[in-house]
Structure formats: C-alpha cells, structure tokens
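Keep the sequence and the coordinates open while reading.

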Amino acid sequence: MSSAIFIQSSFPSKFLNKSLNTHFVPSSKLPVSLSFKPRTVFRKRFSVRAGLIEPDGGKLVDLHVAEPERELKKREAASLPRVKLTGIDLQWVHVLSEGWASPLTGFMRESEFLQTLHFNSLRLDDGSFVNMSVPIVLAIDDSQKERIGESNKVTLVDSDDNPVAILTDIEIYKHPKEERIARTWGTTAPGLPYVEETITNAGNWLIGGDLEVIEPIKYHDGLDRFRLSPVELRQEFDRRNADAVFAFQLRNPVHNGHALLMTDTRRRLLEMGYKNPILLLHPLGGYTKADDVPLSWRMKQHEKVLEDGVLDPETTVVSIFPSPMHYAGPTEVQWHAKARINAGANFYIVGRDPAGMGHPIEKRDLYEADHGKKVLSMAPGLERLNILPFRVAAYDQTQGKMAFFDPSRAQDFLFISGTKMRTLAKNKENPPNGFMCPGGWKVLVEYYDSLTPLDNGRIHEAVPA
C-alpha cells in the first residue's frame, strides 16, 4: 500500500495574550514570508524559504553499528553483563537508534534526566537548547545492578535473550519514581496507563549510557515497511521535491473530519506561497493503552481510507512513529513535535487536548484542552517549528458531511465523540453518511467484532488485522 493522508488547521492564535511571543503560523490571509528565527512573529512580507528543517543539534544521530562490525559487536556483547529489555524498552531503543531523539546518543544519564524533568530541554555544548520533555530512561533492579558491578558496559537483550545493543560508558543512578511521575504527568493519581505499565513495578535504579545498536529494530508484523526512519523520511521528502512538510500525529482511525483538516492545511500552505507542501501522516506505533484501536487495525483502516479516495497518496506520506505513548498531555506533545523536527517537518498540527486522556479517578479530562497548543507555542527548543492549531470539525447535519464548526448555527452540528464512534462500531451501527468512508468504517466494525469478552466481562486483545 502506498500511503498518504491529509490534515487541517486554523492558523491565527486567538487564544493567547498578544503580549506573549509565540510561534503560531499567522492567518493565511496575510501575505507572509516564512523565516525560522526563534520567537519571531511572522512579518507581513517575507519570502517562502524552501528546504527541510535541520535536525536538533544540526545532525541526525544514527546509533546503529556498521554492518561490517556487527559480528565483532555480537562477540563483545556475549562477554558483558546483561540487562533484559521489556517490549517498551525495545521501542525506546528503536526511537533512540534512528535519531528521533537527536541529539541524544543513548538512554539518559542523570544530568540529562534532571534537565528533562525540570526544564523540558537539554543544554548543548555550545550553550543552545533543544527540547526534550519526556525522560527516555532504562530501569534496572537491585540484582541487575549487583550483577553489573564495576563494568562500564552492558549488553541489552530482548525477551528471547538475543543481543540488541551495547550500552557503553554507563552511569547508574537512583530512580526517583514519584518525582518522575509527578513532573511528567502533573499528578501521581493511580491508574495512569504508562506508569502502571512501565514505572510502578520497575527497578529502583536507572542506567544511562551511549547506545551501539547491533542491528536495526524490526517487528516482523507486516508493518515494518511503514516504519521509515528520519533519514528515510527526509529522503522521501526530497524525492517528492517537498518545499514544506506538515506533520499530523494520530492514534485513532481516520474519519472525514480528519481528512477535512488535512486538506485545508495544505490549501493554506499553498496560499502562503509554498509550491509542494507534503503531509507526514504519522500514526503512533509504540505502546498504547488497552482501549485504543491497535496499530495493525488502524493501518488497515488508513489503507481503506486511501482506497476510497478520501486521501491523496501523491501529497502525503504515511509512516509509523515508533514511540510509546505516555498520555502526558502538554508535556508529551512537546516530545511529539520535537521528534518530527528530526524527521524534517517544519509545521506541526495540534488540536484539542493533544496526548491527553481522561483523569484516571475523576470524571473529567486530565488536562485543560487548550494547554497543549499553548505550551507548544512557547516551548523552549521548538522555536524553529511552526505550530498549526486546527479548528474543530463536526458533522454538519444540513450538508450531510463533516465541516468546520460554525457557532452561529451550533444546532446544525453533531459532535461524534470517540466514545460514541466506538459504541456505534461495537453495535454494528452505521454513523451518519459522510462521517467516515464505508471501507474505513467496515474495518472499524470488524475490529470491535474481533473482540470477545472474557469470563470476568473484560475484553481481551483483538485478533491482529
């Protein structure tokens, strides 16, 4: 499947005080010129600058061992103390190895960990800053720490004890779980999915160091061809002669409201003077919570959206972003944006409550809906990235299709929440015509049909698509 998809956004930042110096893209009605000077509001006259944005630190990190040296590294790995990786640890090795977190060269040492927790950024040797809002760390327990002893290297192995990487020049330091959770999520309430999955029962130590990844990470799930690295994405954008790249992340099926958002964004960029803006549709492919639609089903649904002609493959690149999902709202959305800079995107689309979730205890959202896009507009280290906040799309009952919400006739619009969409699909009921293409909806119904209740009434994992 040749992949592509679209996105939208509304540009002016009306929700921020005008005294704040932000980097939202201005209204497309203004004659604009894109310059990427930090913290400048776009001037009324400027020339469109083509070309891909530089990665953080000026150079993409590649932590893979060169092929001629792999056998030698495997022999070295066999002689070192071992640390077994969880599935999520392996996803972070993947993220680091391909340079998504450039300029990080491995799991964080304590100085990087503390800068991330307290400043959401890392200071480089030249005194400049890059954004880094989520800790990328590896936990070990007391027994593993004892086995490592005085060694300054360890081998990281997968669940089958196959060597994945060597971590060199290591540093072991305390794992301050409560501080990590409180500063990343803004709460220590029980029930945070990523916390329960990776932190609560993790070891009391963190081990940092430089990674030497023996072979590229593959999942052998039929989707590896979609897992393009930042280098491969930049090559693809160059091949398509992109003069701008706008990125959109989602972890849900694509409906026609998404398509409207995507196509409108491209239209606005063309009006701004770009000749060939390319969309990076970048579904999250790492860990997600249990009630999210699994990646294999989402990719199958995206394929049907393309087949049904809702999205155009010529101006869109669909690729899987390998990062695990934290659901840490305004903190995590900075990571999502920063990683796309390294992939070559100079525009990032952000909507309501990005990376958010419901409060794990109370019946409310965990984060304020507008905080994600406000934080992105001011985040240190993201000055070069243009933030595209999008307008709300809803089902216009007078037109029988998804359209931008018009508050002057609010009664004409139907908001179909994710919960409502899931309920309809589970009950094999159709949404209103024009909400989602028939092929894509059929995939969603098939997914929920593949779920079967266990004896306790809970739902087990879906059959792979």
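Q: How many bridges join strand β6 to strand β7?
A: The model is predicted, so local features need pLDDT of at least 70 and side-chain atom pairs pLDDT 80 or more, while totals for chains, interfaces and linings use all residues. Residues count from 1 along each chain as its sequence is written, and side-chain values use heavy atoms, without hydrogens and water. Strand β6 covers residues 163-174 and β7 covers residues 205-213, and the two run antiparallel. The number of bridges joining them is eight.

Q: Which strands are the edges of the open five-stranded sheet?
A: Helices (H or I, at least four residues) and strands (E, at least two) are DSSP runs numbered from the N terminus, and two strands pair if DSSP finds at least two bridges between them. The sheet has mixed pairing and the order β1-β5-β6-β7-β4. An edge strand pairs on one side only. The edges are β1 (82-84) and β4 (139-140).

Q: At what angle does helix α2 run to β7?
A: Axes are lines fitted to C-alpha atoms, for helices over the stretch in contact (heavy atoms within 4.5 Å). Angles run from 0 to 180 degrees between N-to-C directions. Helix α2 (residues 87-97) lies across β1, β5 (153-157), β6 and β7. Its angle to β7 is about 50 degrees.

Q: Which element gives the most to the largest nonpolar core?
A: A nonpolar core is a set of buried Ala, Val, Leu, Ile, Met, Phe, Trp, Tyr and Cys residues joined through side-chain atoms within 4.5 Å. The largest has 78 residues, and Phe107, Leu156, Leu211 and Trp335 touch the most other members. The element that gives the most, with six residues, is α2.

Q: How far apart in sequence are the parts that the pair of Trp100 and Phe321 ties together?
A: Rings of Phe, Tyr and Trp (its six-membered ring) pair if their centres lie within 6.5 Å; planes under 30 degrees apart count as stacked, over 60 as edge-to-face and the rest as tilted. Trp100 and Phe321 lie 5.3 Å centre to centre with 70 degrees between the planes, which is edge-to-face. Trp100 is in the loop between α2 and α3 (110-119), and Phe321 is in the loop between β10 (316-318) and α10, so the parts tied together are 221 residues apart.

Q: What is the relative accessibility of Tyr194?
A: Tyr194 and Tyr287 form an edge-to-face pair, 6.1 Å centre to centre with 65 degrees between the planes. Tyr194 sits in helix α6 and Tyr287 in the loop between β9 (277-281) and α9 (295-307), 93 residues apart. Tyr287 is buried at 14% relative accessible area. Tyr194 also counts as buried, because its relative accessibility is 3%.

Technical notes. Buried means under 20% relative accessible area, exposed over 50%, partly exposed in between (1.4 Å probe, protein chains only).
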